[in-house]
Amino acid sequence: MPIEGLTKQQSDFIERFLKVPMIGKRKKMKERRREAAEQFRLFNAEHDLIREEIASVEDAAVRSILLGQLAVAETIIEKDPDNLDFEGGHRQLEDVQAAMLLHIRKEDAERAHHQLETAMGRMDKDNPLVAKDGGADGQSDIALTWAYIEEKFAAGMASNDPKALDDALRAMGRLEVMMRNADKAGQNPFEARLAEVGDARAAAEEGLDPRLQDARRKLSDTFNQLAALREKLAAQFGEDKVPLALRIGVTTTQKKLDAAVNAAPAKLPDLADDAEAGYIEVQRDAEKMIAASQAWVRDHETFLVRYAVMQAHPKKGDTEFVKPEFDKITSAYLAAKAKADAHDYLEASQDIAVVRNDLKDALDFADDCASYEAVLTEREALLATLPAPAKYPLDKLREDHQAAHKLLDDAKDARREKRMSGAMTLLNQIPAAVAEIIELNQMASEFARFKRRWARRQEEFEDNYDDDVKALISKDVEYCQKAGEAAQADADRGPTRARRARCARFMATSVA
């Protein structure tokens, strides 16, 4: 079964190259596995989002190329199993996303340009003064904006320049608003209508102050920009969910524009500056709020990847240990989400970063809980293979037998205290302790058997050989006796590896 949140290929990779050894460096490798699994989950979240975005690309050939480049990202990560390159994988994802966004931006620009080109053709036919040039009136803004769009659009398409395309798209949005307003007489009181063009020219010829013309243009620009900002805020937050502070800022700026509608000409420059300043302030606040909102969306989506793992965890129903920890995560998450719903995105992002770290600890705890039961059964079965304490030939082995069982008891105590990491550490010490007991017990049993054989040899020597023969091999017999005494002393003090070596030499001597 694949690891939760990973593909089968990623799970197989971890099982093959990051396998936890039975003995030695278990903790280090286990941490590497967890870190790799976590990084793969984050990678998959970003990978899947980009793949969904690629699916929206209309050009099948471009879509195929982007998917091929996307597949390379995981290859980069797994190229060196000893040094997984997640940074390289994410860089590849970023490159693919940048290429995709550029293509989408070009598609959007082409589509919008074609629509505006058609609309400009109609306006050029029906209202030539609006589409081309109105002399002193504000309608020439349409012609100037269209010329700017043509320039930026051509440059962006030719050089794949995202900035030029963005400039063109922004200008297209503004031009759409200007053209709608031109079609609805009176909607923007600061744009001269066709019927008024003659009067405006006459007024200009009579010496109309250029500052008033500049003020009217500034008011017209502010009106259009404020309308575009309203649409942007509605698209980002929802028309009925725009943050209160931004709604107040937009309304305040609109009131400043309204105040200038019937104002005396002499007051227009100051009113225009005031309205423009109000728009700049609310636009700056809106950009900050939108950036914080988008950052929250990214942080939230990243968090939800691991949160989904938590919700699907096989131990989520463990009311004694796991569920209380998961409930804490859910409560903290909902509190952060409530702040985001209230448009407090900065604090929400800060809080969910903390929750995300706590979630990692909670998942590690749950994983240990899941592993604990299986490992506990294995360790109990392993301890059951040991002889009964009374059958050990040495007191030291009986002490080791009790110590091995105490590791099991201590692990159970640690689990009751919710110290799962400590419990697993204790359980993982048992295999080495059992292996040591088995090895030493085997050596001690062999030592006892060889001691009995040596005793029989001594009896045979005393009973079956005369004094002349005994005199000839007396030094050899003395050496064997001393070796036996030293080996016995070593065994009495506890069978360490050095003492086992001396016992082994004695056994070899006694056989000889």
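**Figure 1. Overall view of the predicted protein chain and its contacts.** Among contacts in the protein chain between residues at least 6 apart in sequence, where contact means heavy atoms within 4.5 Å, 71% join residues at least 24 apart. This is a predicted model, in which local features need pLDDT of at least 70 and side-chain atom pairs count only at pLDDT 80 or more, while totals for chains, interfaces and linings use all residues. Residues are numbered from 1 along each chain as its sequence is written, and side-chain values use heavy atoms, with hydrogens and water left out. The protein chain has 18 helices and 0 strands, helices (H or I, at least four residues) and strands (E, at least two) being DSSP runs numbered from the N terminus. Of the 512 residues of the protein chain, 39% count as buried; buried means under 20% relative accessible area, exposed means over 50%, and partly exposed lies in between (1.4 Å probe, protein chains only). The accessible surface of the protein chain comes to about 28500 Å², with 53% of it belonging to carbon and sulfur atoms; accessible areas come from the Shrake-Rupley method with a 1.4 Å probe, and for residues only the protein chains shown count as cover.

**Figure 2. Close-up of the salt bridge between Asp-364 and Arg-34.** A salt bridge is defined as a side-chain nitrogen of Lys or Arg within 4 Å of a carboxyl oxygen of Asp or Glu, and by this rule the count comes to 28 salt bridges. The side chains of Asp-364 and Arg-34 meet in one of these, at 3.9 Å from N to O. The pair links distant parts of the chain, with Asp-364 in helix α13 (residues 345-384) and Arg-34 in helix α2 (residues 26-55), 330 residues apart. Both Asp-364 and Arg-34 are buried.

Figure 3. Glu-287 forms a salt bridge with Lys-232, and the closest N and O atoms of the two are 2.7 Å apart. Asp-274 counts as partly exposed because its relative accessible area is 36%, and Lys-256 counts as partly exposed because its relative accessible area is 24%. Elsewhere, salt bridges that share partners join Arg-34, Lys-360 and Asp-364 into one network.

Figure 4. When residues up to four places away in sequence are not counted, Glu-38 touches Arg-306 and Arg-356.

**Figure 5. Close-up of a negative and a positive patch on the surface.** Asp-80, Asp-82, Asp-85 and Glu-87 gather on the surface in a patch of negative charge. Patches are made of residues with over 30% relative accessible area and no salt bridge, with like charges joined within 9 Å and nonpolar side chains (Val, Leu, Ile, Met, Phe, Trp, Tyr) within 5 Å. Lys and Arg count as positive and Asp and Glu as negative, whereas His and the chain ends are not counted; the place of a charge is taken as NZ of Lys, CZ of Arg, CG of Asp or CD of Glu. Within the negative patch, Glu-87 is in helix α4 (residues 86-126) and counts as exposed at 61% relative accessibility. The patch of positive charge gathers Arg-449, Arg-452, Arg-453, Arg-456 and Arg-457. Of these residues, Arg-456 is placed in helix α15 (residues 420-464) and counts as partly exposed at 47% relative accessibility.
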